Structures are given as C-alpha cells and as structure tokens.
Amino acid sequence: MTTISNSIAQRDIQFQLHSQTNPRRFEEQGPLIVTRGEGVRVYDNTGKAYIEGMAGLWCATLGFSNERLIAAAKAQYDELPYYHTFFQRTGEGATNLSEKLVELTGMKGGKSYFTTSGSEANETMVKLSWIYHTVHGKPGKRKIIARDRAFHGSTIAAASMCGLDFMHREFGLPLPGFLHTSAPYSYRGMQEGENEATYVERLARELEDLIVREGPETIAAFIAEPVYAGGGIIVPPAGYFQRIQEVLNKYDILCLDDEIVCGFGRTGKWFGKDLVGMQPDMMALAKGLSSSYFPIAAVVLAPKIYDAVAEFNKQGGAFGHGFTNSGHPVGVAVALEAIKIYEEMNIPEKVQKIGTRLRNRFEETAARSPILGEVRGAGLMLGIEIVKDKQTKEPFDVEKQAGATFDRIAYRNGLIARCMGDILGFAPPLILSEGEADELADLFDKSIAELEKTLY
Ligand code: PLP
C-alpha cells in the first residue's frame with residue numbers, strides 16, 4: 001500500500017471507514033490510492049499501473065475509460081440531470097431500458113423495476129415474493145431460503161441471505177426467517193463414491209427436507225446466483241438447477257435469480273440463468289448493467305408477480321416501495337449505451353473466447369504448480385483453489401494466509417486479484433484483449449511462483 005506520509009493516506013486513515021477492511025490493519029498500512037483508469041488498467045497515485053483482474057468489484061465490464069458511456073452520461077446531464085419514477089412519472093430512457101431488459105432477459109410479458117444497488121434489487125425481490133403469496137391467499141409464506149457461501153449484498157435482508165459468516169457475525173444476522181441450504185460445491189462438497197448426478201440428488205433432497213421441516217406453507221422463495229461470485233466462483237454441477245426447481249415448484253416456492261455479477265455476458269452467456277438452466281420468477285441486475293459508470297440496478301419480474309402487485313392494490317393503493325434514484329435518467333442513459341455496446345461486441349461470444357484463453361493459461365500454471373488445485377468458472381469469471389496437497393485437496397493452515405499473500409504479491413507485480421480465503425478469483429473487464437489476457441496470465445504465473453516460495 002501507499003506510504004503513510006502521503007497526506008491523502010493520512011487523512012483517509014483519519015476520516016474514512018472502509019468496507020470489507022480490517023480497521024487496525026488499515027491504520028497501519030493505509031489505502032491504495034487509485035487515481036486514473038484506462039482500458040483494463042488502473043493507476044495509483046505514484047503512476048504505477050495494475051491490470052484490474054477484478055474489474056473493480058466484478059463490475060467495470062467495459063473497462064475504465066469508455067468514451068461512449070461518458071458521453072452518454074454527459075449528454076443526459078445536459079438534458080435532465082435528475083428525475084424520478086414515482087407517482088406515474090417516467091423519462092424516455094427509463095421506458096426504453098425497461099423494455100430492453102424485459103426483451104434481453106426473455107421475461108415474456110414481464111416488467112422492469114429500477115433500484116440503485118444490487119442489495120436493494122435483492123431486497124425488492126423478497127418484498128415482491130411476500131406480496132405474491134399474500135395475494136394468492138398464503139400470507140404465511142414469508143421465509144427465504146438462500147445457500148451457504150452466497151453473497152447477496154449488505155442491507156439487512158440481503159445480508160441475511162448471504163451464507164458467509166463475515167456478513168453476519170458483527171450484526172447478529174441472519175434475521176429470523178432467512179434459511180440456508182448447502183452450496184453445490186463439487187470440489188469440496190462431493191463425497192467419495194458420489195458422481196455429479198447423485199450429488200445433485202443429495203442437494204435436492206437436503207433442500208426438500210429443509211422445506212418440509214420448516215413447513216412449505218412458511219417458505220416464500222429461494223434465491224441463488226447461477227454461478228457463485230464472492231462465495232468462491234462455483235459453477236453448479238450439471239442438472240442442479242433443474243432438480244432444485246422441481247422441488248421449488250412442488251412446494252409453490254418462487255425462484256429468485258441474483259444476476260448481479262453473472263448478468264450481461266460475464267459467464268459467456270447474456271445471463272447466467274441460460275448457462276445453468278435456471279427459470280427464475282425474478283432477476284436482479286446491477287454492476288454490468290451500466291458497467292458501474294453509474295449506480296443503477298434493476299429487478300425484472302414475471303407477469304404473475306406484477307399481476308399480484310396490481311391485484312393487491314386494486315382498491316386504489318400504491319405499490320409502497322421505491323428509491324429516490326430509481327430510474328435515474330443518467331444511470332438509465334449509461335445502461336442503454338452499455339447494452340448497445342454489448343450487442344455490437346456480441347459480448348457473450350467474445351467472453352467465451354477470451355475466457356477460454358485465460359482459463360487455459362491458468363490451467364497450464366496449475367498443471368506445473370504444486371499448490372494449485374482446481375481451476376474452474378465460466379466465461380470471464382474464473383477461480384483457482386490454492387491447496388497444500390493437490391491429491392487430497394488438503395488446504396494450507398489458515399495462519400499461512402496463502403490467498404491474502406497471493407493478493408499482496410500480485411499487487412506488487414501490477415495485478416489486482418481477489419482472494420476468497422484460499423480461492424483466487426478473476427473477473428477482469430470483458431473488453432480484455434488476447435494480449436491483455438496473456439499479460440494477466442503471465443503475471444498470475446509469476447505471482448504463483450513467488451507464492452510457492454513463501455509457503456514452503
Ligand atoms: N449480489 C451479488 C452476487 C454481488 O456480488 C453483490 C455485490 O458484490 C451484490 C448482490 C450486492 O450489490 P450492491 O453492492 O450493489 O448492493
């Protein structure tokens with residue numbers, strides 16, 4: 001990190017509380033001060049360049065200097081810098097984006113609803129699930145089932161849906177009524193003698209047992225990311241969502257799809273649901289929606305969900321939900337431009353191609369390194385397990401801090417990665433060129449070689 005004598009660093013330590021940061025360590029080490037971005041790179045205040053192997057927080061899909069997105073924002077600021085979508089109001093952009101999202105997601109006859117963040121989008125899906133069941137005469141259906149290792153955001157219900165201890169322990173979460181079932185984590189979850197099909201069957205049975213134990217009349221919805229992001233880049237085994245969905249349908253439980261990372265080409269499909277065969281009743285979109293050039297998120301909902309909201313309010317009441325910046329015209333303008341660029345680039349195909357190239361290179365490093373286990377992922381969402389023993393998959397002792405040490409080495413080498421414990425994650429901007437993919441892979445290989453030396 002930067003030297004503490006730098007006055008920004010000193011003042012930052014004095015005045016700013018940082019997300020997902022250890023306060024005392026931060027006081028000693030100070031911030032990384034990022035001042036500029038260009039393409040897939042960011043630069044710190046000393047001028048040092050980093051390949052942003054995580055596109056920030058899985059989000060700057062079009063990199064850090066896209067002129068068209070900037071121009072779209074500027075043009076909208078000139079025209080109308082703010083308006084809202086409450087009380088029957090809209091702007092042309094909000095209408096156009098609503099239509100575009102329904103069309104792109106394939107949610108036939110559905111509607112779009114705008115929020116500012118992914119957490120709000122996920123919370124909105126929870127509230128809409130409650131209305132749906134109430135209108136259908138089942139107001140007792142309130143509980144939400146999420147999965148271990150899941151990340152769904154930081155607001156109270158979204159954090160409750162997370163399946164990660166670090167999102168719960170300081171706050172006494174999850175709230176009552178937020179339940180968790182096992183992650184479909186084949187690498188560590190599959191037992192001896194099991195194959196993918198029997199593993200899926202066990203997971204489906206575990207879910208069904210949970211539903212029956214809790215009482216199906218109390219369960220509103222199940223939420224999942226098609227491919228886990230922050231939980232460790234986990235692609236479910238074949239047939240997983242099909243079996244899960246059979247269980248959900250049997251007990252009239254809605255399926256909520258968190259596409260906040262997976263959406264807009266990240267997995268090599270337009271949406272992660274298409275990769276894994278998920279058939280959601282609602283989808284949450286954010287991040288890639290605007291390449292995070294503006295905070296905008298959305299829920300796309302099936303017609304039956306909209307009908308429930310309309311039915312509930314048939315006596316003249318209003319849908320009692322909304323955020324000041326829902327459908328913000330600048331966010332909407334940026335998102336429309338981002339989607340236009342994705343379409344012109346044929347983003348899913350491009351991501352498949354470049355993702356395969358990067359993954360092959362990671363696999364080469366894993367083949368020669370004694371400390372790399374599985375390489376997995378989809379498109380440009382790739383994960384690599386650091387292990388002490390490749391055969392037994394035994395992890396390193398926690399005190400070794402293998403993943404965090406890798407992050408520090410990579411950072412020194414000009415590569416920003418993301419460790420999730422000892423799982424290394426990469427989700428670079430989707431504009432990554434072949435040359436940049438090779439450069440990223442070279443830095444990865446070099447950093448792993450250095451990590452090996454620190455671990456033995
Ligand atoms: N869902 C997933 C899968 C995420 O990765 C995130 C953020 O990283 C969120 C939800 C929360 O989004 P936000 O930080 O915009 O609230």
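Tutor: Two residues are in contact if their C-beta atoms, placed from the backbone, lie within 7 Å. The model under discussion is a predicted one.

Student: What share of the contacts in the chain with a separation of 6 or more comes from residues 24 or more positions apart?

Tutor: With contacts counted in that way, residues 24 or more positions apart account for 73% of those with a separation of 6 or more.

Student: Why is the chain called as compact as a globular protein of its length?

Tutor: The chain, which holds 16 helices and 15 strands, has a radius of gyration of 22 Å; the globule rule gives 23 Å for 456 residues, and the two values are close, so the chain is as compact as a globular protein of that length. Along its principal axes, the C-alpha trace spans about 70 × 60 × 45 Å.

Student: What percentage of the residues of the chain count as buried?

Tutor: Of the 456 residues, 48% count as buried. The criterion is 20 or more other C-beta atoms within 10 Å of the residue's own.

Student: Why is Phe-87 called exposed?

Tutor: Phe-87 has 7 other C-beta atoms within 10 Å. The cut-off for an exposed residue is 12 or fewer, and therefore Phe-87 is exposed. Phe-87 lies in the loop between helix H4 (67-79) and helix H5 (92-105). Its phi is near 50 degrees, a positive value in a residue other than glycine.

Student: Why does Lys-393 count as partly exposed?

Tutor: Lys-393 has 13 C-beta neighbours inside 10 Å. An exposed residue has 12 or fewer and a buried one 20 or more; Lys-393 therefore counts as partly exposed. Its place is in the loop between strand E12 (381-386) and helix H15 (402-412). Phi of Lys-393, near 70 degrees, is likewise positive in a residue other than glycine.

Student: Which residues are the closest to the ligand, and how many surround it?

Tutor: The ligand is surrounded by 15 residues, of which Ser-117, Gly-118, Ser-119, Gly-153 and Ile-260 are the closest. Helix H6 (residues 118-135) supplies the largest share of this shell, 3 residues.

Student: How many residues of each class does the shell around the ligand have?

Tutor: The shell has 6 nonpolar, 7 polar and 2 charged residues.

Definitions and conventions:
Residues numbered from 1 in each chain as written. Predicted model: local features only at pLDDT ≥ 70, side-chain atom pairs only at ≥ 80, totals over all residues. Near = placed C-beta within 6 Å. Helix = DSSP H or I, 4+ residues; strand = E, 2+ residues; numbered from the N terminus. Nonpolar A, V, L, I, M, F, W, Y, C, P; charged D, E, K, R; others polar. Rg over C-alpha atoms; globule rule 2.2 N^0.38 Å.
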